[in-house]
Amino acid sequence: MSIEYMSMVKPTRILEIDPSNLRIDYLVEAARVIKYGGLVIFPTETVYGLGADAMNNLAVRKIFEAKGRPLDNPLIIHISDIDQLNILSDNVKEEVPHLAEKFWPGPLTIILYKSEKVPREVCAGLETVAVRMPAHPVALKLIELSETPIAAPSANPAGRPSPTSGEHVKREMMGKVDVIIDSGETLYGVESTIIDITRDPPVLLRPGALPVEEIEKTIKKKVVIPEFARGLIEASEAIAPGMKYRHYAPSKPLQVIESSDYSNLQRYSLEVFKYAKRLIDNGFRVAILTSTETIQYYRKVEVLNLGSRKNLFEVARNLYRALRKIDELDIDIAVSEGFEERGLGLTIMNRLRKASGYNIIRI
Ligand code: TXA
Ligand code: MG
């Protein structure tokens, strides 16, 4: 092992914490690491986060290094108490208390104007800051004991899918951080919904675990859903900083076969099957990402069931696992069904379309 390599490897301490029976001694230990400017990977209800003291610019810089993340991709700041908002922003818009009351702690990230106190590294030099209060007992207690907001992107190396279990994190981040808190699987398995309310009307920057319709009901306003939030085109830097970075994509080709009408699922899946069959007849080994309702229509082909169309929570939760699986299977190409863009369907289609590199076929 070269000296150069040795110097990059940190001894990583693994702390297993059961969310329903918190080990406060472990959390105190992890909080001490945050206070001293170290890196702690911790669970949230969406995906695992790679955290550091948000108010310490040197600590924040370490996050970018550990992830291999470009410096112009801003981070989300996690809080455990609504009062911390006033440290991060001195211009909190009137919608924020309504949203916070209704959805925090929970999978909603709000973009606000930043205060002077927030180091520019966290926000990649922008005038705004992304904030959320996660709904996970381990995350909340860690922030509270650290006595500071925690900046954290998803805890994957850049270019990998967001980690939804302690196993993923241990496989990919050992030696890169001081502490990994392993609390098993996360609840939602997709990232938080990001909404920019510095704009009027508010703009959805990333659909996530909280359906945008819920936000609209609460603020009694329509939210703008740009094409990039649907995963149809690349985001422009001016509107959605950081979003230009490619989301995880399997190394094998993935095609999304969409319909404008999913009411006749038998007819739709027969079309998907016909498409896959043509590939198979041309010598390709194919897997189809399917749903509980349609799996019966595919014969003699590898299938990955994402879950029921009546339970999109389940589909969203299984999505990253399925995307990781594409690379593990002995196939040349994957073909995915599409889902109606309502509720979590918007989130699912955003991730699927981006993972396919916009390789979308409409039938
Ligand atoms: O569920 C989640 O949101 C997870 C957990 C750990 O909280 N975090 C997460 O972070 O997904 P990350 O870094 O993978 O995605 C955050 C994205 C950035 O890529 C960027 O596009 C956007 O949030 N963002 C952050 N600050 C922003 C700002 N000031 N303006 C616009 N977009 C911002
Ligand atoms: Mg991420």
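Student: Let's start with Y358. Is Y358 buried, partly exposed or exposed?
Tutor: This is a predicted model. In it, Y358 is partly exposed, with a relative accessible area of 26%.

Student: Where does Y358 lie?
Tutor: In the loop between helix 11 (344-355) and strand 15 (360-362). Y358 also has a positive phi, about 65°, although it is not a glycine.

Student: Why point that out?
Tutor: Because most residues other than glycine have a negative phi.

Student: What about K220, what is its phi?
Tutor: Positive, about 55°, and K220 is not a glycine. K220 sits in the loop between helix 8 (212-219) and strand 11 (254-258).

Student: Is K220 buried or exposed?
Tutor: Exposed. Its relative accessible area is 73%, and the cut-off for exposed is over 50%.

Student: Let's zoom out. How many helices and strands does the chain have?
Tutor: There are 11 helices and 15 strands.

Student: And how compact is the chain?
Tutor: As compact as a globular protein of that length. The C-alpha trace spans about 60 × 55 × 40 Å along its principal axes.

Student: How much of the chain is buried?
Tutor: Of the 363 residues, 58% count as buried. The accessible surface comes to about 16000 Å². Carbon and sulfur atoms account for 51% of that surface.

Student: What about charges, how many positive and negative side chains are there?
Tutor: There are 48 positive and 48 negative side chains. The centres of the two sets lie 4 Å apart.

Student: Now the inside. How many residues are in the largest nonpolar core?
Tutor: The largest nonpolar core has 56 residues. I41, L50, W104, L108 and I110 have the most contacts inside it. Helix 3 (residues 57-67) gives the largest share of this core, five residues.

Student: Why would nonpolar residues gather like that?
Tutor: In soluble globular proteins, nonpolar side chains tend to be buried together.

Student: Pick I110. What is I110 in contact with?
Tutor: Leave aside its neighbours within four places in sequence. Then I110 is in contact with V96, L99, W104, V129, A130, V131, I195 and I197.

Student: Which other core is there?
Tutor: Another core, of 26 residues, lies apart from the largest one. V190, Y248, A334 and A355 are among its residues.

Student: V190, OK. Which residue pairs up with V190 across the sequence?
Tutor: Take A316. A316 and V190 are 126 residues apart along the chain, yet their C-alpha atoms are separated by 6.5 Å. A316 is found in helix 10. A316 is buried, with a relative accessible area of 2%.

Student: What does A316 touch?
Tutor: Y188, G189, V190 and I348, not counting residues up to four places away in sequence.

Student: Switching to helix 7. Is helix 7 mostly covered or mostly uncovered?
Tutor: Mostly covered. Six of its eight residues are buried. They are G166, H168, V169, K170, E172 and M173.

Student: What covers the buried residues of helix 7?
Tutor: The cover includes strand 1 (13-16), strand 2 (40-42), strand 3 (49-53), helix 3, strand 8 (179-182) and helix 10 (312-328). Just after helix 7, G175 takes a positive phi of about 85°.

Student: Last topic, cis peptide bonds. Which residue is joined to P105 by one?
Tutor: W104, with omega about -5°. P105 is in the loop between helix 5 (95-103) and strand 5 (108-113).

Student: And what is the peptide bond from D200 to P201, cis or trans?
Tutor: Cis, with omega near -5°. P201 is in the loop between strand 9 (193-196) and strand 10 (203-206). Most peptide bonds are trans.

Terms used
Residues numbered from 1 in each chain as written. Chains lettered and ligands numbered in written order. Predicted model: local features only at pLDDT ≥ 70, side-chain atom pairs only at ≥ 80, totals over all residues. Heavy atoms only, no water. Helix = DSSP H or I, 4+ residues; strand = E, 2+ residues; numbered from the N terminus. Rg over C-alpha atoms; globule rule 2.2 N^0.38 Å. Buried < 20%, exposed > 50% of the residue type's maximum accessible area, 1.4 Å probe, protein only. Areas by Shrake-Rupley, 256 points an atom, 1.4 Å probe, with all protein chains shown as cover. Lys, Arg positive; Asp, Glu negative; His and termini not counted. Charge placed at Lys NZ, Arg CZ, Asp CG, Glu CD. Core = buried A, V, L, I, M, F, W, Y, C linked by side-chain atoms within 4.5 Å. Contact = heavy atoms within 4.5 Å.
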